[in-house]
Amino acid sequence: MEFHIILCFLFVALTAVSSEDDGQVVFVKELSSKPAQKLSRYGWFGSARLQRFVIPEDAAVARWRFTVTKGHRFPGFCGEHNVTIHIRWGAPPVVNPVGQMFPNDTAWSPAHSLHLPVTSQATATFNLSDPSPGDWYVAAHLPRDDGRIEQKGFPSCSYYFQPHLSIRRAVDTPILQPTSGLPQAAAPDRPARLKLFVPEFVSSLSVSLTDCHSQTDPGEGACPLVLRLGSASALKEGLVTVNCSTNGCSVTLLAPPWHTWLRLVVESNRENHTVTFNVSSNYTVSCKPQSVGLSPDIIATHGNNSDRNATLAGNRTAAAEGDPPGERSAAGALSPGCMWDVAVLAEELDVLSVRFSPAGGPNVSVARSNPTLLSYPLHTLTSGGTLSLQLTLNTTSTSLGNSSSVAACLSPWAPVLGLSGSQPCQTALFPGYRLHVNSSSPKAVIRLPFPQAATWYLSLQLTCNSSGCGNVSVVSVVPEVSVSACVEDCGTYGECRLLRSNTYLYAACVCKAGWSGWGCTDGSAALSYGRQVTATLLLTLSNLLFLPAIVVAARRCYVTEASVYLFTLFFSTFYHACDQPGVAVMCIMDYDTLQFCDFLGSVCSIWVTLLCMARVRDTLKYTLFVLGALLIAMSMQLDRRGLWNMLGPVLCAVLALVIAWVYRGVRRRHCYPPSWRRWLLYLVPGLLCALVGVCVYIFAETEDNYLYTHSVWHVLVALSVVFLLPPRERSREAWGWSRGWAGSWSPRVCGYTLCHGSKEELYTVS
C-alpha cells in the first residue's frame, strides 16, 4: 500500500485587473507522494523501482521532485553513483540501460530519462506544462549490476528513492463548442485555456484564431500568439504548436484522438502584450457506422460460445443487415471515408492475459475501396504486459499477385483511415505501427512491450500498384491480437515473473545461464552446455567431502552428529542440482523444500560440531541439539538469507564452547585442551579452514565465479568438521557401540550400585 497520498486543495485566486469577469481560470494545487524505496543495481527490469502517479484532467503544470538519499552511515564508503530515472505516460517505461537485445519484431520507444549523481543526498526536479491526463510511471535504478553477491545483513551501499508530485489544476476551464466562436484574451503570464471534446468517428478537427487585437498597441497589425493543441507527454508527443501570423492562424488535425478531451492553450509570445482574439473549432465526421440497435441477439449469440469472462469490445458495423461479421462483401457500397467495422470479442484468460478475436470468426475480409477497422480497448490493468499482433494472409481462398498486398496500421487513440499510397501510419498526435502481408510474405508479427492504456485500432486495406489488383477485390486475413505477461513466456532460458507496485501489476523476464535481453533471446554471453554440466557437477560433487566427516564422526561414536552431516550432504547435493540456471537441472522435490533443508542442515552442522567440541554432558548436549534445531528451523522460515540466522547459532555455540573450556582450564589449572599436538595438528587447521571458507563465502562470491567459490566453500567447511571433531571419549571407547545403544549398566549388591570409575582425558592424541 502507498505510504501516504496527500491531496491538498489550495484555492489560489489570481488578481483581477478589473471588477468585471476577465475570463481568468482558477487553479488549485494537488500534492502526492510515494514511500521511499531502496534502489538496486540494474540486472533486469525487476531491479527498477516503479511508481505510478495519476494526473487529473485540466492539469496545467506537473512538477516532480525526486530525492535520493544514501543510507550508509559511514561517509565516503560508497563513493558517487548515478541514479537513472525514467518517466513515461500511459504505461511503464521500457528500460534498456545496458543496450540489450529485444526479440524479433519488437517495437519500443525509449522513455524520458534523467541522470542524478548522488554522493550523500541529491534532489532533481522535472517540470512539464500541460501534461497528458491519466497514469504516469516513474522508474529508478542504480547502474548495471557488477555481479557481486552481497550477503544479507552485512554493510553495503544503499540508496533510497522517493518521488513527489505537485500539480496545478484548472477547475473552471471554458469549453469550446464546435461551430461557435468564443472571445478570449491572452498575455505572457496569463495564457488563455480552453478544452474541446472530440467524439468518435471524427476524421478531422480544425481550430482557428481570428480578430487578433493587441490591447497594448492597438495600431499594430501583428498577431503575436502561440497556439498549442493537445497535451504533452514526456517525449513531447500528443502536442501540436503553431505560431500565428498577422491575420490569425488555424490548425487542422487529421485523425484526432477519439472520445477524449483536447486541451487548447493560447499565449502571447511578446512581453507586456495582451492580445484579444476569437477562437472557434469545427470537426468533420466522414461516416458513422450503421447502428445495431438495442437487440441483445448479438451478445447472446457470441456470449454462449465460451465459458470464460468474455465481452464484446466492438459492436458496430457498417455493412448491410444480414451480412455476417468478418465475412462482409465489398459489394455493399460505402461512401469515401467510411470503413468496414468488425466487432471484436475480448476474453480475459488470466492476470495480464487477454485474447481478442473477431466476433464472427477468425477470417476478416479486406477490400481496396474502404478500410476494415477493428478496435482493441486496453485498460490500465493490461498495460503491464506485452501487446502482440500476428497478421496472417488467408491464401487458401484467394491468391494475391506480387503487385498486391494487405497494408495494416496499428495505432492508439484513433484509427488511420486510408492506407493506400504513401500515407504514413500516424494519427494527428501519435505514431502507429505499419505491417504488410502478401503472397511472398503471408505472415507479419509485431510486439509492443508495455502498451499504452488506450483503445488501439487496427486498420486493414488492400493496396495495389498502378497496374491494379487484377480480378482480386476482397481478400481474407486472420488478425490474432493478444496481451500476455511476457514475450513468448521468456523462452527456454528465462522466467516470466509477475511484479507489483502497490496495486499495479506488471511482468518482466529474468534470464538465466548467461542469456540476456528483454525476452531472454540474447545468447551472446550464454553458458555452453558443457559449462552448465560442469557447474552442476562441481556444486553437487563437492558435497561428497562430507563423507570423511561422516566416517570420522561414526568411528568416534558421534552418531547424532554423523546423522546431521549425512542430512546436509544429501540435501545440499540435490538442492544445487535443482538450483542450476540452465538445462542441466534435476529436482527430486519442490525447490523451496530443498532450499529450506539445505540451509537448515548447513547451520545445524555448525551447531552440533561446536557443541560436540564443548564436551558437555550428554543430557545437556542432546537437549541443546534439539532446542537449537527447532530455533534454527524457525529462523530459516522467517528469513533464510539473514545474517543472524547463521551468526546467532554460531555465537551461542562458541559461547558455550568457551565457557566449557574455561571452566575445565580453571578447574585443572591448565590450558584446555592440554595437548599442544591437538592444537597444532587439528584445532588450528580446522579453524583456518573455517575462517577461509567464511571469507570466500562472504567476500569473494560473484555471479561469474559462483560455481568455483561455492564449491570451495563446501570443501573447506567439510574439512573443518574433520579437523575440529574431538576424539572419542574414554567412556565411549570402553563400552563401544553397545553402550551407546544399550545404555550403561551397573550391578546392584544389597541395594547399593557398584560404580565404575574412569578417568576422562579430553583431546588426547593416541
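Phe 450 sits in the loop between β28 (443–449) and β29 (455–464); helices (H or I, at least four residues) and strands (E, at least two) are DSSP runs, numbered from the N terminus. This is a predicted model: local features need pLDDT of at least 70, side-chain atom pairs count only at pLDDT 80 or more, and totals for chains, interfaces and linings use all residues. Residues are numbered from 1 along each chain as its sequence is written, and side-chain values use heavy atoms, leaving out hydrogens and water.

**Backbone geometry**

- Most residues other than glycine have a negative phi, and most peptide bonds are trans.
- Phe 450 has a positive phi, near 50°, and is not a glycine.
- Phe 450 is buried, because its relative accessible area is 2%; buried means under 20% relative accessible area, exposed over 50%, and partly exposed in between (1.4 Å probe, protein chains only).
- Asp 58, not a glycine either, has a positive phi of about 65°.
- The loop between β4 (49–55) and β5 (59–70) holds Asp 58.
- With a relative accessible area of 16%, Asp 58 is buried.
- The peptide bond between Tyr 672 and Pro 673 is cis, with omega about -5°.
- Pro 673 lies in the loop between α7 (643–668) and α8 (676–700).

**Disulfides**

- A disulfide is a covalent bond between the sulfur atoms of two cysteines.
- Here the criterion is a pair of cysteine sulfur atoms within 2.5 Å.
- The search of the whole structure gives 7 disulfides.

*Cys 212 and Cys 223*

- Cys 212 and Cys 223 are joined by a disulfide, S to S 2.0 Å.
- The link of Cys 212 and Cys 223 is left-handed, with -40° about the S-S bond.
- Cys 212 is in strand β13 (residues 204–214) and Cys 223 is in the loop between β13 and β14 (225–230), so the bond ties together parts that are 11 residues apart in sequence.
- Cys 212 counts as buried, at 13% relative accessibility.
- Cys 223 is also buried, with a relative accessible area of 3%.

*Cys 244 and Cys 249*

- The sulfur atoms of Cys 244 and Cys 249 are 2.0 Å apart, and the two residues form a disulfide.
- Cys 244 and Cys 249 are both buried.

*Cys 486 and Cys 496*

- Another disulfide joins Cys 486 to Cys 496, S to S 2.1 Å.
- The torsion about the S-S bond of Cys 486 and Cys 496 is about 75°, so this disulfide is right-handed.
- The pair links distant parts of the chain, 10 residues apart: Cys 486 is in the loop between β30 (474–484) and β31 (494–501), and Cys 496 is in strand β31.
- Cys 486 counts as buried, at 6% relative accessibility.
- Cys 496 is partly exposed, with a relative accessible area of 24%.

**Two further cysteines**

- Cys 612 counts as buried at 2% relative accessibility.
- Cys 689 counts as buried at 15% relative accessibility.

**Helices α2 and α4**

- Two packed helices are described by the angle between their axes and the distance between the axes.
- Helix α2 (residues 529–541) packs with helix α4 (residues 559–578) at an angle of about 165°, and their axes are 8 Å apart.
- Axes are lines fitted to C-alpha atoms, for helices over the stretch in contact, and angles run from 0 to 180 degrees between N-to-C directions.
- α2 and α4 are therefore roughly antiparallel to each other (under 35 degrees is roughly parallel, over 145 roughly antiparallel, 65 to 115 roughly perpendicular, the rest oblique).
- The crossing of α2 past α4 is right-handed (near helix turned clockwise from the far one by less than a right angle; anticlockwise is left-handed).
- Thr 536, Leu 539 and Thr 540 of α2 make the contact with Thr 573, His 576 and Ala 577 of α4; contact means heavy atoms within 4.5 Å.
- The residues of this contact of α2 with α4 divide into 2 nonpolar, 4 polar and no charged (Ala, Val, Leu, Ile, Met, Phe, Trp, Tyr, Cys and Pro count as nonpolar, Asp, Glu, Lys and Arg as charged, and the others, Gly among them, as polar).

- Helix α5 (residues 591–614) contains Trp 607.
- Trp 607 counts as buried, at 10% relative accessibility.
- Leaving aside neighbours within four places in sequence, Trp 607 is in contact with Leu 624, Phe 625, Gly 628, Ile 632, Pro 649, Cys 652 and Ala 653.
- Trp 607 and Ile 632 are 25 residues apart along the chain, and their C-alpha atoms are separated by 9.5 Å.
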